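This explanation leads through one protein chain, from its overall form to single residues. Please keep the sequence and the structure in view while reading.

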Amino acid sequence: LFNSPSLRSFNFSFLLAPRDKIEAMTVIKIIRFFKQGMSPIRSKSRLFLRSPHTFRLAYKHKAGRKDKQKDHPFLNKFKECALNGFGVNYTPSGQYSTYEDGVMTSYQVTMSFQELEPVYNDDYGNGDEFSKDPSIGF
């Protein structure tokens, strides 16, 4: 039944609908950030390729009196991930629609991440860890 540990993959989809020019530029920067971040990096000599950037994902939750964000205790955790798929749907409503300056009224981005390391039993700690960290874990 058991052959080897496997790497988990995760898919996310977000609808981004800017309401003004500043938000539109932010959406465009977000799209470019992920597209560029998943691309291999050329060496200065252009003879070799380096690995693309990796990402640390976390669901955040506002907790405490100081409103500091912490990892959400009731959703899964992630190990370091590679972005191996990124798509943009420029017409998520099914029709072409732009603002006066040409920026789309909405974008739907779909991302596929894969962890770089498998999850092992000891990643959860020993049995006593639950009293200190009552989270779902990986």
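Accessible areas here come from the Shrake-Rupley method with a 1.4 Å probe. By that method the accessible surface of the protein chain comes to about 10700 Å², and 53% of this surface belongs to carbon and sulfur atoms. The model is a predicted one.

The overall form comes next. The C-alpha atoms of the protein chain fill a box of roughly 60 × 50 × 35 Å along the principal axes. The radius of gyration is 19 Å, whereas a compact globule of 138 residues would have one near 14 Å. Of the 138 residues, 22% count as buried.

The protein chain holds two helices and eight strands. Read from the N terminus, the order of these elements is β-α-β-β-β-β-β-β-β-α. Contacts across the sequence can be described as well: among those between residues at least 6 apart in sequence, 66% join residues at least 24 apart.

The largest nonpolar core has 19 residues. Phe 12, Phe 34, Leu 57, Leu 83, Phe 86, Met 111 and Phe 113 are those with the most contacts inside this core. Two or more core residues come from each of strand E1 (9-16), helix H1 (21-37), strand E7 (81-89) and strand E8 (107-115).

What does Leu 83 contact, leaving aside its neighbours within four places in sequence? Its partners are Phe 34, Met 38, Phe 55, Met 111, Ser 112 and Phe 113.

Phe 86 lies in strand E7. Is Phe 86 buried or exposed? Buried means under 20% relative accessible area, and Phe 86 counts as buried because its relative accessibility is 17%. Not counting residues up to four places away in sequence, Phe 86 touches Ile 31, Phe 34, Lys 35, Met 38, Val 109, Thr 110 and Met 111.

Ile 31, another residue touched by Phe 86, is found in helix H1. With a relative accessible area of 7%, Ile 31 is buried. Beyond the residues up to four places away in sequence, Ile 31 touches Phe 86, Val 88, Tyr 107 and Val 109. Between the C-alpha atoms of Ile 31 and Gly 102, which are 71 residues apart along the chain, the separation is 16 Å.

The loops supply three further residues to look at. Glu 80 is found in the loop between strand E6 (68-71) and E7. At 29% relative accessibility, Glu 80 counts as partly exposed. Glu 80 touches Thr 54, Phe 55, Arg 56, Gln 114, Glu 115 and Leu 116, again not counting residues up to four places away in sequence. Leu 1 is 79 residues from Glu 80 along the chain, and their C-alpha atoms are separated by 27 Å.

Asp 101 lies in the loop between E7 and E8. Its relative accessible area is 44%, so Asp 101 is partly exposed. Lys 21 is 80 residues from Asp 101 along the chain, yet their C-alpha atoms are separated by 8.8 Å.

Arg 46 has its place in the loop between strand E2 (41-42) and strand E3 (49-50). Exposed means over 50% relative accessible area, and Arg 46 counts as exposed because its relative accessibility is 57%. The backbone at Arg 46 also deserves a look. Most residues other than glycine have a negative phi. Arg 46 is not a glycine, but has a positive phi of about 65 degrees.

How values were computed:
Residues are numbered from 1 along each chain as its sequence is written. This is a predicted model: local features need pLDDT of at least 70, side-chain atom pairs count only at pLDDT 80 or more; totals for chains, interfaces and linings use all residues. Side-chain values use heavy atoms; hydrogens and water are left out. Helices (H or I, at least four residues) and strands (E, at least two) are DSSP runs, numbered from the N terminus. The radius of gyration is taken over C-alpha atoms; the globule rule is 2.2 Å times the number of residues to the power 0.38. Buried means under 20% relative accessible area, exposed over 50%, partly exposed in between (1.4 Å probe, protein chains only). Contact means heavy atoms within 4.5 Å. A nonpolar core is a set of buried Ala, Val, Leu, Ile, Met, Phe, Trp, Tyr and Cys residues joined through side-chain atoms within 4.5 Å.
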